[in-house]
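Visitor: I would like a close look at one part of this protein. Please take me through its salt bridges.

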Amino acid sequence: MQRKESLSLEDIKKYNRIFWKCIAGFIIFLILVLSATGLGLFGELPSFRDLENPKSNLASSILSEDKVELGNYYVQNRSNIRFKDISPNVINALVATEDVRFLDHSGIDFKRTFTIIFYNLIGKKQGASTITQQLALNLFSDKARERSVIKRIPQKLKELIVAVKLERNYTKEEIITMYLNTVDFGNNSFGIKAAARTYFNTTPAKLNPAQAATLVGILKGTTLYSPTRNPERALGRRNLIMQKMVDEGFLEQPKADELKAQDLNLELNRTSHSEGLATYFRAVLKKDIQETFEKMSIRKADGSSYDLDRDGLRIYTTINSKMQRYAEEAQKEYMKTLQQQFNAHWKGRDPFKGNENLIIQGMKRSDRYKMLKEEGLSDEEIKDNFNTPTSMEIFSWRGNIDTMMRPIDSIKYYKMILRNSMMAMDPKSGEIKAWVGGISFEHFKYDQVKMGTRQVGSTAKPFTYAVGIDNGLSPCYQVNNVPFTVTGYGEPWTPRGHGSIPGYITLRKALANSQNFITAWVMQQVGPTAVAALAKRMGITTDVPPYPSIALGSFEASVYDMTGAYSAFVNHGVWTEPTYLLRVEDKNGNVLYDRKPKVVQALNEQTAYVMTYMLKGVVEEGTGVRLRYRYGLSNPIGGKTGTTNDNSDGWFMAVTPQLVAGVWTGCEDRAIHFRSTNLGEGANTALPVFALFIKKVYADTSLGIRKGDFEAPAGGSSITLDCSQYQGSDTGTSTKGNKEDLDQRLGF
């Protein structure tokens with residue numbers, strides 16, 4: 001066996017030169033590549049201005065008057081939060097798991113990088129990115145981490161440069177805060193604030209070590225370690241992270257052992273545009289802001305439009321979260337009962353007999369029909385499709401139901417679902433406190449507070465009486481309650497009388513019991529033009545034609561307009577525009593828009609006070625008396641019920657010194673309704689929702705809604721309200737002492 005010759009000194013020098021040349025060449029190559037990357041040859045890098053304003057989809061938050069977040073507008077449900085509002089448990093869990101040398105490196109952890117290279121060479125694959133590098137990827141890469149090595153290398157180089165820039169321009173606290181504000185925690189939760197609310201219904205400041213470890217654990221894989229999809233894996237990952245926290249001195253072992261023995265203890269609060277408080281309100285609000293910004297040319301500095309789903313605006317509203325919850329609870333509680341009444345009322349009968357066109361119209365308006373038409377199916381094929389049972393999820397007051405049903409039957413089912421809407425506002429400030437636009441935003445998107453209008457029925461009668469009072473009529477004036485025909489305003493008009501009280505009765509009693517003949521008599525004295533003009537001054541935006549029939553509510557209006565109109569009775573005759581948007585700020589707190597409500601002196605202050613007295617009569621002795629005997633509300637409350645032809649619409653307008661509310665109930669189509677007035681009148685279909693709502697409001701003393709009486713005009717009322725003071729009140733009297741004086745004064 002031959003001995004190997006040893007390398008000569010010259011050979012060693014030669015190999016050393018080659019080695020160092022290779023090292024130098026690699027370093028020079030790396031410098032050139034990094035320089036080229038820095039110059040943007042492999043793709044544009046963010047500028048310093050970009051670093052100051054990193055791009056991310058920030059959800060816009062909607063805040064109630066009591067500082068509760070009602071919901072968000074978002075593409076990604078992401079909200080930023082400050083470092084001081086994040087629990088140290090979150091920071092410790094993140095650092096212990098992702099980057100233990102976070103406080104020591106300058107964006108790139110070279111020591112860890114070379115260690116990771118060694119581990120990868122021996123088959124123990126690990127990641128080398130620091131928290132800063134991950135932030136760089138999250139903020140400035142349009143794509144997630146590339147899987148292709150060829151694409152990943154330039155992406156990684158840009159990551160490194162941006163990470164160094166971030167470290168130079170931000171503190172460690174700012175970097176870790178930005179990171180926690182940008183990462184995806186699954187279940188449509190981006191950022192630690194959204195994640196804490198989604199999984200534990202809490203704030204980041206209140207997260208305990210186990211909760212923090214659970215959330216940090218999700219970052220390794222939003223599906224693989226999802227607490228909702230893979231709870232066992234999530235639990236194991238959580239416990240591993242808590243042990244890492246122990247190893248790094250962030251958590252004591254006994255405490256970790258105690259927490260490891262616990263379940264995940266999730267308190268899910270998933271975010272959805274169709275869930276949460278004030279869903280209908282949020283949809284109307286968004287459209288309103290977009291239209292306002294466009295109309296007033298409110299734009300960003302670069303001239304582009306604001307995007308509510310991406311620009312992180314803060315929207316301050318007048319809604320009170322407690323009142324909103326009470327309104328939604330009241331609706332759900334009563335409508336569940338009313339729907340049962342409705343179903344029992346129609347049991348064994350066909351509500352579509354004679355109304356077959358409703359089913360055809362419903363079919364043609366459906367998304368299924370439009371989709372099948374686009375696919376080129378014939379009418380006969382579409383008919384077959386609608387008569388073929390299919391799997392679907394339908395609404396019910398017991399919760400959504402998965403069932404097999406023919407699509408044509410689902411149309412009939414939904415046509416028989418009673419709808420309901422309600423609004424409550426402060427009559428003095430005009431601020432809306434509760435807005436319930438429908439019974440289920442998930443299934444029925446159409447808002448019935450502001451967007452929808454229906455015939456108002458007898459809730460319009462106070463407009464006619466108010467004009468009469470303003471022209472000298474007394475609430476104590478007596479009129480013979482017999483059929484009356486209004487003439488001189490087009491075709492003669494004689495209303496039908498329902499439940500007429502015979503003999504002479506006061507105007508107050510006539511309004512309280514919704515007497516049509518006497519309402520027509522008042523209309524004859526004042527004329528429809530004056531009544532229509534008053535309705536418009538009181539905020540009715542829909543058409544109110546000057547015909548005598550408007551006295552009984554033949555026109556259509558929204559709950560929004562009607563509630564605003566009734567507020568003028570309480571607010572000394574002053575109509576204050578119902579307001580729900582206070583101001584909008586950008587993500588930096590700069591005010592972009594604030595709203596000032598319109599104010600109109602709609603009617604005389606004395607007249608307005610008399611009308612509150614007359615509206616109290618509805619509750620004390622008229623159609624709204626069940627507020628007293630069934631719901632035990634004995635404090636001063638005024639109101640007016642309304643029921644349209646065939647019981648298609650049920651209304652109740654309520655006035656109290658501090659809150660005015662409007663409630664409407666009916667089916668989608670007016671042809672579907674209760675067959676009896678006993679069940680279909682507003683006193684049964686709408687009034688109970690208000691009653692349940694106001695009882696909850698009164699019970700919550702923190703709201704400050706008292707049970708006092710209406711405020712009299714300054715200097716007191718000049719109109720006598722105590723009818724017993726008049727002589728001969730059994731034959732009809734006036735504020736001047738007798739019926740003849742009043743007739744002469746009005747020119748009757």
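Guide: What follows is a short tour of salt bridges in this model. The model is predicted. The count comes to 29 salt bridges.

Start with Lys-415 and Glu-668. They form a salt bridge, and their closest N and O atoms are 3.3 Å apart. Glu-668 has 39%, so it is partly exposed. These two also belong to a network of salt bridges, together with Arg-419 and Asp-669.

Now turn to Arg-508 and Glu-620. Their side chains meet in a salt bridge at 2.9 Å, N to O. Again, distant parts of the chain are linked: the two residues are 112 residues apart. Arg-508 is in helix 19, residues 507-512, and Glu-620 is in helix 23, residues 605-621. Arg-508 is buried, with a relative accessible area of 9%. Glu-620 is partly exposed at 40%.

Last, take Lys-300 and Asp-311. Their salt bridge has its closest N and O atoms 3.2 Å apart. Both residues lie in the loop between helix 12 (279-295) and strand 3 (314-317), eleven residues apart. Here Lys-300 is partly exposed, at 26% relative accessibility. Asp-311 is buried, at 17%.

Methods. Residues numbered from 1 in each chain as written. Predicted model: local features only at pLDDT ≥ 70, side-chain atom pairs only at ≥ 80, totals over all residues. Heavy atoms only, no water. Salt bridge = Lys/Arg side-chain N within 4 Å of Asp/Glu carboxyl O. Helix = DSSP H or I, 4+ residues; strand = E, 2+ residues; numbered from the N terminus. Buried < 20%, exposed > 50% of the residue type's maximum accessible area, 1.4 Å probe, protein only.
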